[in-house]
Amino acid sequence: PGDDGVGKVEMILTDKRGKERVRKFNMLRKDFEEGGQQKYFIYFIEPNDVRRMTFMVWKHVDKDDDRWIYIPSLDLVRRIAAKDKNSSFVGSDFTYEDVSGRHWAEDTHEILREDVLEGSNVYVIKSTPIEEKSSKFRYKLSWIGKTNSLPLREEYYDSKEELVKVFTANEITEIDGELIVTKRTMEDKKKGHTTVVTFSEITLNAGIEDNIFTERFLRRPP
């Protein structure tokens, strides 16, 4: 929500043996037009193997999003191809597309039923990719809050209609009158791997400048 936003993010990755790894980064987002283009900028702080790495997304309405990543150890800016959008984001259970979002028009949507999820009234919606190659999942089920329109749970199914991944909104916080999912979990059912993401120090309508979202600042973040 808001014209732009900035916040700190902690990402905890836990494997099937219970071993944890932690990633910390700052995230900026700006809307360039209502319901239109958005841009994201991520700067990694910890651990040392990803420190100073940056990630940038230009989200478009009518074409594939543009994504870039800067790898400081190689001093290399790499363009992330559209076909790689379903790859893991820095080893987590979230993909690049999960981080920057999938456009609603890429799928067909069907309301299956109304339900109650942990005391919240929800719509259960089935989303199926229009182009099969645009996603590695056959379809997704979403539990959308009736009063806040937030995704409270998402289930991803593969070509065999087996449950592969589950997204859960763990905490919802009101900031400047807006409801934001400030803690979220993605669980890989096949690998027994889980990623928990927590947002903090969120500021909306911070007045982020347009020129931050350029290749120049990938190498030298402001």
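Modeller: Exposed means over 50% relative accessible area, and buried means under 20%. Keep in mind that this is a predicted model.

Biologist: Why does Ser 149 count as exposed?

Modeller: Ser 149 has 57% relative accessibility. The cut-off is over 50%, so Ser 149 counts as exposed. Ser 149 sits in the loop between β9 (139-145) and β10 (151-157).

Biologist: What makes the phi of Ser 149 worth a remark?

Modeller: Its phi is positive, about 60°, although Ser 149 is not a glycine. Most residues other than glycine have a negative phi.

Biologist: Is Val 90 buried or exposed, and how do you know?

Modeller: Val 90 has 13% relative accessibility. Buried means under 20%, so Val 90 counts as buried. Val 90 also has a positive phi, about 45°, without being a glycine. Its place is the loop between β6 (76-80) and α1 (96-100).

Biologist: Which residues is Met 11 in contact with, beyond its neighbours within four places in sequence?

Modeller: Among them are Val 90, Phe 25, Phe 89 and Val 196. Contact means heavy atoms within 4.5 Å. Met 11 is also one of the residues touching the most other members of the largest nonpolar core, which has 41 residues. Apart from that core lies another, of eleven residues, including Tyr 70 and Phe 213.

Biologist: How do the residues lining the second largest pocket divide?

Modeller: Eleven are charged, four polar and three nonpolar. Asp, Glu, Lys and Arg count as charged. Among the lining residues closest to the pocket centre are Lys 63, Asp 64, Lys 85 and Glu 106. By that definition, these four are charged.

Note on methods. Residues are numbered from 1 along each chain as its sequence is written. This is a predicted model: local features need pLDDT of at least 70, side-chain atom pairs count only at pLDDT 80 or more; totals for chains, interfaces and linings use all residues. Side-chain values use heavy atoms; hydrogens and water are left out. On a 1 Å grid over the protein atoms alone, a cavity is a set of points where a 1.4 Å probe fits but cannot get out, and a pocket is an open set with protein on both sides within 12 Å along at least five of seven lines; lining residues have an atom within 4 Å of a point. A nonpolar core is a set of buried Ala, Val, Leu, Ile, Met, Phe, Trp, Tyr and Cys residues joined through side-chain atoms within 4.5 Å. Buried means under 20% relative accessible area, exposed over 50%, partly exposed in between (1.4 Å probe, protein chains only). Helices (H or I, at least four residues) and strands (E, at least two) are DSSP runs, numbered from the N terminus.
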